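Look over the sequence and the structure below before reading on.

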Amino acid sequence: MGRQIVHRLVISFPALLGVLFLCFCLLQVVPADPAMIIAGPDAKQETIDAIRLELGLDRPILVQFFEYILRVLQGDLGRSIISNKAVSEELLQTIGPTVELMIGGLLIAIPLGITLGTLAAVKRGTLTDRAIMGFSVAGVSMPIFFIGLVLIQYVGFKWNMLPFTGRTGPVWDGGLPSLILPCLTLGSVLIGPIARLTRTAVLEVLGADFVRTARAKGLREYHVIVGHALRNAMIPVVTLIGLQAAFLLGGAVVTETMFSWPGVGRLAVGAIISADFPTAQGAIMILALAFLSINLIVDVLYVYLDPRMQR
Amino acid sequence: MSTTMDAAASGGSEMTRTALWRRLSRDRVAATASVVLIVVVLAAVFAPWVAPFDPYAINLLNVMAPPGGNNLLGTDSNGRDILSRVIFGTRNTLMLGLVGVVFGGLIGGVMGILAAFYKRLDGWIMRIVDVLLAFPAILIGLAVAAIAGAGLGAVVIALVLSTVPDVARVTRGAAIGVMEQEFIEAGRALGVSDFTLIWRYLTLNCISTIFVFLSLRFGQIILIGSALSFLGMGAQPPTAELGMMAAQGRDFLFMAPHIATVPSMAIFAIVLCANLLGDAVRDVLDPRLQQ
């Protein structure tokens with residue numbers, strides 16, 4: 001099991017370098033020469049050259065890239081052009097809310113998606129099955145901002161049931177109401193894909209010998225489905241939920257922007273629109289790292305769930 | 001001799017094509033979806049003739065008019081006719097999806113075929129694919145918009161870049177299967193050139209798989225593109241683009257909800273039809289891709 005995980009880590013190393021290189025490039029495109037900005041408008045050429053030497057801007061790009069990696073490893077991501085705060089500090093404040101949102105979305109989507117998918121598989125060919133599948137195709141085709149807009153307009157504004165802008169605090173400190181609508185929005189786009197994947201996986205398992213054996217033993221249908229079929233169907237489902245990580249991440253960026261949720265996604269979007277390159281670079285890096293780690297976690301889970309992989 | 005070989009190599013595409021049309025026309029859902037899509041595409045192509053008003057004509061005396069009346073779907077905050085803007089917006093949105101699918105499919109397809117045919121290239125190509133896979137589409141979009149500035153171009157690059165790795169993987173998988181067939185060996189023995197082997201023997205046999213995959217991806221690509229536009233990374237005002245129109249309507253959600261809802265529903269309808277049709281095409285052409 002350990003070897004599998006190490007192997008996976010080795011594979012994600014080039015991807016990690018790619019992420020870092022892209023973020024490094026982001027810093028290179030700052031429209032003005034940083035040395036000229038620091039030196040001021042009337043500075044002599046010698047002063048500018050001296051600053052450039054001091055900043056290491058005259059060295060080859062690969063050396064600069066290497067130094068950039070060293071700085072990132074020390075947690076130094078530069079300063080925001082707009083607020084002049086350290087980017088790492090701003091990121092630390094936004095990671096919590098984003099993780100909160102993602103976990104909340106998954107807590108809504110996974111149980112609902114798996115239940116609906118299993119139900120559709122067990123009732124294959126019936127009206128229930130068709131209704132669930134129709135619902136999930138519609139869910140897969142729905143732009144996430146549409147769901148958000150409808151929730152904001154009705155639940156938030158017209159019926160005045162839940163807050164729909166910002167975050168009032170952490171969940172344990174009265175922040176739950178403001179968390180519900182964003183999580184519902186993010187979760188709802190994931191229900192459809194998860195239900196579809198679960199249905200296929202359960203259908204495949206339902207035809208297996210061990211399910212017939214379980215039925216022949218006289219187990220109750222509920223135990224056959226939940227204890228035997230679903231448990232084995234979980235292996236492909238976990239991998240495929242992992243593939244939805246891109247959905248989750250993209251959805252989080254849109255959701256945060258819509259609900260003014262103070263997360264990494266909104267920070268990234270805001271920074272790009274206001275041309276705050278250091279912040280944009282830091283936020284994009286964190287999002288990409290989050291994506292890599294989600295995939296890594298899924299792979300570990302996969303090994304854990306499927307004993308055949310542990311050899 | 002070589003004609004029989006060619007026939008074997010590009011085997012039976014004639015037959016699957018008629019079978020495809022027959023089965024698709026029998027599937028009522030798929031038939032409805034394709035009719036709707038054809039109408040939408042025609043409306044988008046002939047937008048200047050179909051749209052009842054100029055999509056960019058501002059009329060400050062008639063802002064936020066509700067649907068019904070003179071403007072069938074109402075007007076936006078600048079008094080522009082929403083139906084006309086949706087028709088023109090569909091044009092831009094469909095274009096995004098199409099460019100993403102075509103260029104992403106081409107680049108990814110070539111990478112996958114080359115990786116399967118030349119074993120030496122396999123490792124390198126798949127390593128590039130792995131790195132590209134590490135970036136979800138929305139992130140690529142954000143990064144490109146940060147580097148090159150927001151605009152339709154940034155979205156197009158993001159959509160192509162995010163389509164390439166998946167297509168490359170699917171194509172490579174299909175092509176490796178074809179490479180094991182005997183007719184490739186036979187073609188080699190006959191001294192057929194690499195180019196002919198790659199195009200006639202390999203690519204033509206993988207095309208249906210690539211096509212099915214792309215038709216399944218089309219809806220998703222449109223969703224990503226409109227999400228990026230919604231975030232302000234794509235089309236800039238006053239250009240009509242569905243995702244951006246929804247974002248503009250967000251500011252007037254409580255006074256005039258139709259400004260945001262109508263373009264969102266248009267995206268939903270297009271993507272839904274594309275997905276339904278994609279599923280049907282997959283069931284006919286390549287049941288193995290079913291997941």
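**Where the chains meet**

In this predicted model, 41 residues of chain A are in contact with 38 residues of chain B; two residues are in contact if their C-beta atoms, placed from the backbone, lie within 7 Å. Helix 1 (2-28) of chain A gives the most to the side of chain A that touches chain B, namely eight residues. Among the other helices of chain A that each supply at least two residues to this side are helix 8 (176-206), helix 11, helix 12 and helix 13. Helices here are DSSP runs (H or I, at least four residues), numbered from the N terminus. By class, the residues on this side of chain A are 35 nonpolar, six polar and no charged. Ala, Val, Leu, Ile, Met, Phe, Trp, Tyr, Cys and Pro count as nonpolar, Asp, Glu, Lys and Arg as charged, and the others, Gly among them, as polar.

The numbering and the limits of the model need a word. Residues are numbered from 1 along each chain as its sequence is written, and chains are lettered from A and ligands numbered from 1 in the order in which they are written. As this is a predicted model, local features need pLDDT of at least 70 and side-chain atom pairs count only at pLDDT 80 or more, while totals for chains, interfaces and linings use all residues.

**Helix 12 of chain A**

A residue is buried if 20 or more other C-beta atoms lie within 10 Å of its own, exposed if 12 or fewer, and partly exposed in between, with C-beta atoms placed from the backbone.

The axes of helix 12 and helix 13 of chain A come within 8 Å and cross at roughly 145°; axes are lines fitted to C-alpha atoms, for helices over the stretch in contact, and angles run from 0 to 180 degrees between N-to-C directions. Residues making this contact include A:Leu267 and A:Ala271 of helix 12 and A:Ala283 and A:Leu287 of helix 13.

**A residue in chain B**

B:Leu132 lies in helix 6 (residues 119-133) of chain B. Why is B:Leu132 counted as buried? Because B:Leu132 has 20 C-beta neighbours inside 10 Å. B:Leu132 touches B:Leu161, B:Val164 and B:Pro165, leaving aside residues up to four places away in sequence.
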